[in-house]
Amino acid sequence: MGMNGQHKLEGAGMSLDDAQLLDTQHAFDSVAADYDGPRGNNELIQRMRLAMWDTMQAEFPAPARLLDLGCGTGIDAVEFARRGHQVVASDWSPRMVERTRARAGAASLSSQVCAIHLGIQQLERLDDAFDGIYSNFGPLNCVSELGSVAAECARLLRPGGRLVFSVMGRICPWELGHYALRGRFLRAGVRAARGATAVGMNRHTVWACYYLPR
């Protein structure tokens, strides 16, 4: 889950154009209202989320200033705020940002969670310094030029800072079986495609690049 400057994701040169980025934004805007339900927070995702939280606890045992890339509805950001961290929660979807603000307000944590409408591809607009940067459940699959993202993260991290990233891999046997058993063979093989791949969501399109571990 962690990565440092000595490792890079295969396909780091892949890029998404502006129209594809907007398609992805609109897709996530369309599901923001119910993304806390089975669509975006099913039992498997909850288990994966706990693994991320455990990793973050190990990397940041003391209160830290954190940047969340692709915060979604703010579940992670609010949890880390509860643990004493200050979190800048960013997302490319304005409606996801609204959900994060509402979640932080409901938890009386608005002073510790600053939710901003900012895409990962726009990090050059951010002038700040962080002890850690994290991204959970694949927002990094939906951005252009991972090399540029890496450079911006290096700029934003304080000396000794940590990155904790998770991305969607190209090989996912359970997903392959799930769709194949339902006769959705094109959907079953979507992760095998190279470069930007169209994935349907709520009658919209998410554009994503899938990576191998190396």
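Predicted model: local features only at pLDDT ≥ 70, side-chain atom pairs only at ≥ 80, totals over all residues.
Local features are described where pLDDT is at least 70, side-chain atom pairs count only at pLDDT 80 or more, and totals for chains, interfaces and linings use all residues. Residues are numbered from 1 along each chain as its sequence is written, and side-chain values use heavy atoms, with hydrogens and water left out.

**View 1. Helix H3 is mostly covered.** Helices are DSSP runs of H or I with at least four residues, strands are runs of E with at least two, and both are numbered from the N terminus. The buried residues are Ile75, Asp76, Ala77, Val78, Glu79, Phe80 and Ala81. Their packing partners are helix H2 (43-59), strand S1 (65-69), strand S2 (86-91), H4, S3 and strand S4 (130-135), where contact means heavy atoms within 4.5 Å. After H3 comes Gly84, with a positive phi near 105 degrees.

**View 2. Ser108 has a positive phi.** Look for Ser108 in the loop between helix H4 (94-106) and strand S3 (113-117). Its phi is about 55 degrees, although Ser108 is not a glycine. Most residues other than glycine have a negative phi. Ser108 is exposed (over 50%), with a relative accessible area of 64%.

**View 3. Asn202 also sits in a loop, between two strands.** The strands on either side are S6 (197-201) and S7 (204-208). Asn202, a residue other than glycine, has a positive phi near 55 degrees. At 35% relative accessibility, Asn202 is partly exposed, the class between under 20% and over 50%.

Conventions. Buried < 20%, exposed > 50% of the residue type's maximum accessible area, 1.4 Å probe, protein only.
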